Amino acid sequence: MTPLPMARLQQLRRATQLGFFALFLLAPALNLFRFDLSETQLWVLGMRWSLGITALQQHQVSPTEAALSLVLRGILPALLFVAAFLAVAWRYGRIYCGWLCPHFSLVEGLNGMLHRASGRFSLWDRQTSLRAGQAPQRRWWPLFLLSCLFFGFLWSITLLTYLLPPARVWSHLLSANLSAGEARFIFIAGGAFTLELLLARHLFCRFGCAVGLFQSLAWMANPRALVVAFDRRRARECRDCSTAQAPGGSACDTACPMRLHPRNIKRMMFSCVQCGQCLTECESTHAGNTPNLQWTVGLDAVRETLRQKAHKD
């Protein structure tokens with residue numbers, strides 16, 4: 001089967017990100033998944049998911065039946081989900097982050113806004129990455145700042161709907177009748193999310209997200225896992241590798257939304273989210289030719305790791 005061009009693959013990735021972003025926002029309202037603290041009730045796929053504890057308290061089942069229900073309906077499904085999630089990460093790395101995670105989708109969008117406003121993808125970038133004659137468009141600053149604020153508080157409200165009835169939360173919010181607890185949660189969490197989106201988007205994704213961290217650990221443990229391979233014999237070509245996003249050369253470095261250097265060894269790519277943007281940039285500068293960067297998996301990934309070690313030594 002002929003692999004999809006990277007540009008087409010990026011379109012597919014955007015579609016999966018958009019779909020999961022909508023699912024994340026709508027899941028509580030549709031009772032697809034949430035835990036209602038007011039009822040102490042788990043909802044899954046529109047159904048009340050009972051672990052048998054309430055039935056035991058009401059003397060409707062025996063302790064043995066309640067324990068069996070807890071194992072079969074609580075512990076076992078959780079273990080299977082975690083095992084499946086880590087199995088995918090063991091093979092493909094942080095693919096959830098790069099292809100589904102709604103927070104990472106925001107990181108990429110905010111990166112683009114900030115780049116238009118300042119010529120940088122992060123406030124901590126030392127140099128701009130603008131084309132010759134191009135200047136920062138300062139009109140993007142208000143949109144960037146308002147987006148950080150809007151999504152920071154949208155995140156806090158959405159997380160609250162995973163814990164309390166969504167209809168009640170939105171009703172209280174729209175009528176300006178929030179309870180003290182609801183207001184504290186929204187404003188404290190919203191302020192924290194806003195600051196994180198504004199100042200530490202990449203730092204949080206790389207070092208602060210437990211979901212990403214465990215995917216990275218599983219990926220690092222597998223030498224056959226999907227990895228970006230770099231043809232070091234053609235390294236000279238990277239000096240003049242320029243695109244619209246990276247006019248100064250080394251396009252793959254600028255393209256990475258995690259601010260990594262994709263030509264590095266696997267250990268230095270610990271937080272790679274397998275978004276493929278570095279490969280897309282590399283492919284765009286090698287029209288009709290084999291790119292310097294390519295995804296590889298299995299035995300080819302092992303060989304790439306061995307080449308990296310040999311090069312380092």
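A residue is called buried when its relative accessible area is under 20%, exposed when that area is over 50%, and partly exposed in between, the calculation using a 1.4 Å probe and protein chains only. By this criterion Cys148 is buried, because its relative accessible area is 1%. The structure is a predicted model, in which local features need pLDDT of at least 70 and side-chain atom pairs count only at pLDDT 80 or more, whereas totals for chains, interfaces and linings use all residues. Residues are numbered from 1 along each chain as its sequence is written, and side-chain values use heavy atoms, with hydrogens and water left out.

Cysteines were examined with regard to disulfides. A disulfide is a covalent bond between the sulfur atoms of two cysteines, and is assigned here to a pair of cysteine sulfur atoms within 2.5 Å. A search of the whole structure finds zero disulfides. Cys205 is accordingly in no disulfide, the nearest cysteine sulfur being that of Cys101, 6.3 Å away. Cys205 counts as buried, since its relative accessibility is 7%.

Aromatic pairs were then considered, a pair being formed when the ring centres of Phe, Tyr or Trp (its six-membered ring) lie within 6.5 Å, with planes under 30 degrees apart counted as stacked, over 60 as edge-to-face and the rest as tilted. The search of the whole structure finds 11 such pairs. In one of them, the rings of Phe20 and Tyr96 have centres 5.8 Å apart and planes at 85°, so the pair is edge-to-face. This pair links distant parts of the chain, as Phe20 lies in helix 1 (residues 6-26) and Tyr96 in helix 4 (residues 95-99), 76 residues apart; helices are DSSP runs (H or I) of at least four residues, numbered from the N terminus. Phe20 is partly exposed, with a relative accessible area of 24%, and Tyr96 is also partly exposed, at 22%.

A tilted pair is formed by Phe24 and Trp155, with 5.1 Å from centre to centre and 55° between the planes. Here too distant parts of the chain are linked, with Phe24 in helix 1 and Trp155 in helix 6 (residues 140-161), 131 residues apart. Phe24 is buried at a relative accessible area of 17%, and Trp155 is buried at 4%. Both residues belong to a cluster in which ring pairs link Phe21, Phe24, Phe150, Phe151, Trp155 and Tyr162.

Charged side chains also sit over rings, a term that requires NZ of Lys or CZ of Arg to be within 6 Å of the ring centre and within 35 degrees of the ring normal. The charged end of Arg73 sits over the ring of Trp49, 4.3 Å from its centre, and that of Lys266 sits over the ring of Trp219, 4.7 Å from its centre.

Definitions and conventions: Helices (H or I, at least four residues) and strands (E, at least two) are DSSP runs, numbered from the N terminus.
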